[in-house]
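Hi everyone, thanks for coming. I'd like to walk you through two pieces of one model today, so please have a look at the screen.

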Amino acid sequence: MNQTSQHSRSQKQGQAATALDRVRNIGIAAHVDAGKTTLTERILFYTGASHKIGEVHDGAAHMDWMAEEQDHGITITAAVTKAPWRDHLLQVVDTPGHVDFTIEVERSMRVLDGVVLVLDAVRGIESQTETVWRQRCRFGLPVLFFINKIDRPGADFLRVLDAIRERLDVEPVAMTVPLAEQQACIDLLHRRLLRFNGEQGERVDTEPCPDALWESVAELHEALLLAAADADDTLADLVLNGGEPEPEALLAALRRGTLAGRIFPCFGGSALRNLGVQPLMDAAVDLLPAPLDRPAAIARRPGGEPETVAIGAKGPLVALVFKVQLWDGRRHCFTRVYRNRLKVGDTVAFQTADGAVRKEHVARIFDIDAGRKLKLDQAEPGQIVLIAGLRHAATGDTLCDPEHLLALERIEARQPVLSLAIEPAAGTDEEKLLEVLDKVEQEDPTLKVEEDPETGQRLLRGMGELHLQIVLERLEREFGQKVRSGRPAVAVRETIRRRARAEQLHCRPASPDGKQPEISAWALVEVAPRGRGEGNQLSCRPRLRPETAMLSSEQQQALEEGLKAGLATGPLQGAPVDDVVVTLVEVELFGQQSTLDALQAAATRALGTALAAAAPVALHPVMQVNVVVPESNLGSVLGDLQQRRAAIHATTTAQASGDDAVTISCEVALEALLGYTTELRSLTQGRGQYSMQFERFDVV
């Protein structure tokens, strides 16, 4: 392999980045432990961007650069790197697979142009695979599938193709068929056999595919031809008449279909065994979009008018901050430039989530290579860079020319479902701890630090046990802040089971000294239950008494804020209220006595009384769970799940060379899963594993 210095490589990457048609901005995504990081390590090695292959199981992966990632053997934070391939620049984002860190996938998808979705050839489509697929669908990203671990006992390339067809409801198109025992794969497009030789599989030798082998994949080749013909009418007659188009024409048709989201090319191999990776890299260049191939983004001006933002140098600056991260103790913003260029020293403006407009200066710009950074003078359109100097910019903020303010669609973050009561350990400065927690909270939109109003305890809220564990480890390692924590507590919501009405007269007499005048307001509120997961619906158009009265815009807003405040604290546990229809039926005004505070208080208290009368009930987070266990342990694991009141949906068996692995799909309340990792290991002698993702809040 040709090795280059970091400096010369960065020069080449900088030159390639200016040619937008030669950039491929792709993400590697999958269910946990499907082999994303292992695949990324091979891409870096084969392109010459890394001089050696780092293995995840050795804690030496280039992309898993955080100490916690190396200790736990998983990807926690999305890492960005660049690799040159066939005169193109691959900007690669390696994303986490664990559901606790799904925000990393969400905000990465927001700035990607294409995705490589990695599947386990034994397990096929898993729970987090479907989550990633939904995220990919939301942003309309073209996809390549890499069916990994084909060397494992029980691996079945064709079965995974069927699973893609059934579970994801798309038609997969096989491009290479792996032959694990021969360290080779069949290239269906060029009708050839590819052998991966050399010490690390870096040498790809090609030869015509033997007739006997070709017969075994003839149907897959025919499916490829039909997919290409479906994407290009000029090929249809030739293919339907039994002809064979030239590979270049097929590739052009496949690219059109892939970019349109109608064709889903599939590649097979084993990243760990250095099998089948180079054809996938070729496909990233040949089939995935350049930034210019993607639809233009839609931004909003301050008045709400839409504006089209196409990637390129023309027009005022538009760049999206998609992630905030503390690096060397300082705040940095991962940013993708959409329009114009961003230079060191530029003044940028952005609108925060609460509507405030801020201006800041760009102090430094860095190119990123996983855990390393390299100074740049400017960032080009389409480029992903790291920016230092922005003290207030947060995830989802749009950096703009101060004279041309715009806002791209913000990045949606899920609400936390698990909390820990925390306090400083002996010798830890509480003020310093609060400062550090604020910094970590800015990094992660799914992490919240709150105070329990009843106990006064400080709560750290997150997406799961692992998420909170990693945060506590980082507090100690990065910031020297030791924390004591209690048992995890599950976040709950509240709802109601029947319709109810309540009225409230809020009246406060004047103070004897006359400094506080009398205030009065009356409100009648009706509540009714909605379907689970439908959210809240507020109607704030009340009848008024006296009939001649009219609400000012300020009074209307006060009433709406009163209803929202009433929904923030339920009657059972003071938790937020979900899935309720709230109707402000009637309001009585008493002239100047009906101040804004009086109206807000009347609406809040009337709603609280109505909720208490409407058979309130607690909603607990319910998780979609996949448990993978040896068949010999199936009975004991099922019995344990039933004790946890799990709703079992299905059990499926994957034949695996003498030891059948069974996947149990079920729904379980999150509270019942606290500490389940330890129990599952005990029941299966350490061989069982499980994954979960938030499904909904429900009555349990």
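Let's start with strand β30 (residues 493–496), which is joined to β36 by 4 bridges, the two running antiparallel. For R493, the bridge partner in β36 is L619. Two strands count as paired when DSSP finds at least two bridges between them. Helices (H or I, at least four residues) and strands (E, at least two) are DSSP runs, numbered from the N terminus.

A word on the source: this is a predicted model, where local features need pLDDT of at least 70 and side-chain atom pairs count only at pLDDT 80 or more, while totals for chains, interfaces and linings use all residues. Residues are numbered from 1 along each chain as its sequence is written, and side-chain values use heavy atoms, with hydrogens and water left out.

Back to β36, then. Strand β39 (residues 689–698) is antiparallel to β36, with 9 bridges between them, and V622 sits opposite R696 of β39. Strand β38 (residues 661–669) also runs antiparallel to β36, through 9 bridges; there, V627 has I664 as its bridge partner.

So is β36 buried or exposed? Of its 15 residues (616–630), 15 are buried, so the strand is largely enclosed by the rest of the structure. Buried here means under 20% relative accessible area, with a 1.4 Å probe and protein chains only.

Now over to helix α6 (residues 157–167), where F157, V160, L161, A163 and I164 are buried. Viewed down the axis of α6, these fall within an arc of 160°, so they line one face of the helix; the arc is taken from the directions from the helix axis to the C-beta atoms. Finally, just after α6, D169 has a positive phi of about 60°.

How values were computed. Buried < 20%, exposed > 50% of the residue type's maximum accessible area, 1.4 Å probe, protein only.
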